[in-house]
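The sequence and structure come first.

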Amino acid sequence: MLITRPRGTNDILPGEVEKWQFLEQLTGQVCREYGYGEIRTPIFEHTELFSRGVGETTDIVEKEMYTFTDRGDRSITLRPEGTASTVRAYVENKLYALPQPVKVYYAGPMFRYDRPQAGRYRQFHQFGVEVFGSNDPAIDAEVIAMAMDIYQRIGLKNLELHLNSVGCPACRPVLRQRLQEYFKPHLENLCLNCQGRYERNPLRILDCKSEKCQGFGKDAPTTLDVLCPDCADHFAAVKGYLDEVGVSYTVNNRLVRGLDYYTRTAFEIMTQDIGAQSSIGGGGRYNGLIEECGGPATPGIGFALGLERILLTAERQGIVFPIARGPQVFIAIAGGGVAKKAFGLLQSLRQQGIAAEQDFLGRSLKAQMKYAGKLAARLVIILGEEEYNRGVAVVRDMQAGEQQEVALGDLVGFIQERR
Ligand code: AMP
């Protein structure tokens, strides 16, 4: 019986993987420019990290985690997102003793048991950054501007940046009370999950995916109605910095994000070009999370971008990635007598940094030329016995369709000139 990959996972095949490598290179370059160093944390963590860090009442923790008991009877969870792990690493490795702010980035697979569809998978990939130790609104603006810079360098268009402030522990009780007053008459008509959230965390009702709950939440009071003066000042300053660097945004007071740890700034980047799963990235500030995870009170902020959705958007927008295709050189073997010499030449070209390939199926010369075309080789070295004995080979430029004899000793220089 054929064994297939688990639902909601993808194989990233040669031909496609080059786009991923391009994104990795681009994001790495941007991070160097913005002063972020890479961090790599485990793919699985103690379940408690996420239930505490992401929030008990979130969809992620309530319905979407890949949780299992390991052979030592511990509850383990495949990471559904990157922030909680990064915070744990910051605390556990005492990175708060370093000069602040500490700026890190990560990239890798995340796991959520969600209903798969275009742009939504059970194993997907995020690139994200986190900044610890600064409450400066300029850092909020840096993080947001950096995300937009990455999209822009990829060439993505038609993006909307939604911006909100979700307040702090001082504003929340007021909002909680107002939300409970607002939802009280609708309580019995909310979904079962939201009925539970009403007591535990009514703000989450605004993030419910059920249309019914979204309908009831339409005119609910919002965080912006109840911001304390400090949060209001912070929000105004973030907008001021974004204006300064020309990053345009829409204030969206309905934006609450799917994770509980956010305080103050919350943002999400959307596109209409990929259907229902329109969020291609998001993030925000989480000033209570580090303390919640056992560290000293430390402010934090970050974002995560979904790499599959970036690639999907790029494809829908017809963006072509600058990806080098095919080998520089293909060696065509014209006669069995030179097979060993061809293999030696192949190896020596590679050792000199030239991407080179040959035939391994015993093809005829004509079939080898066809195969070299399929590989998109730029040059073909045709190595024949007679030419070899004269110390030369024929080199064909596949694009120009021209060929000439080159002395074997001059081959490397000839190829390098045509890079
Ligand atoms: P979140 O951690 O939920 O804020 O998600 C951040 C980004 O990750 C989203 O904007 C999406 O681009 C991406 N993402 C989240 N969940 C999925 C998923 N199930 N499949 C693919 N991408 C996802």
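In this predicted model, 8 strands make up an open sheet with mixed pairing, in the order β1-β5-β6-β11-β10-β9-β7-β8. Its edge strands, β1 (37-38) and β8 (250-251), each pair on one side only. Helix α5 (residues 137-154) packs on this sheet and touches β5, β6 (123-132), β7 (159-165), β9 (263-271), β10 (279-285) and β11 (300-306). The direction of α5 makes about 15° with that of β11.

A separate open sheet holds 3 strands in the order β2-β4-β3, with antiparallel pairing. Here the edges are β2 (44-46) and β3 (66-69), each of which pairs on one side only. From one strand to the next, the twist averages 35°.

| Strand pair | Sense | Bridges |
|---|---|---|
| β1 and β5 (residues 102-111) | parallel | 2 bridges |
| β3 and β4 (residues 75-78) | antiparallel | 4 bridges |

The loop between β5 and β6 contains R122. What is the nearest side chain of opposite charge to R122? It is D114, 7.2 Å away. R122 is buried and has no salt bridge, because a salt bridge requires a side-chain nitrogen of Lys or Arg within 4 Å of a carboxyl oxygen of Asp or Glu. Leaving aside residues up to four places away in sequence, R122 touches R7, G8, Y66, M110, F111, R112, Y113, D114 and P116.

How values were computed
Residues numbered from 1 in each chain as written. Predicted model: local features only at pLDDT ≥ 70, side-chain atom pairs only at ≥ 80, totals over all residues. Heavy atoms only, no water. Pairing = 2+ DSSP bridges. Contact = heavy atoms within 4.5 Å. Axes fitted to C-alpha atoms, helices over the stretch in contact; angles between N-to-C directions. Buried < 20%, exposed > 50% of the residue type's maximum accessible area, 1.4 Å probe, protein only. Lys, Arg positive; Asp, Glu negative; His and termini not counted.
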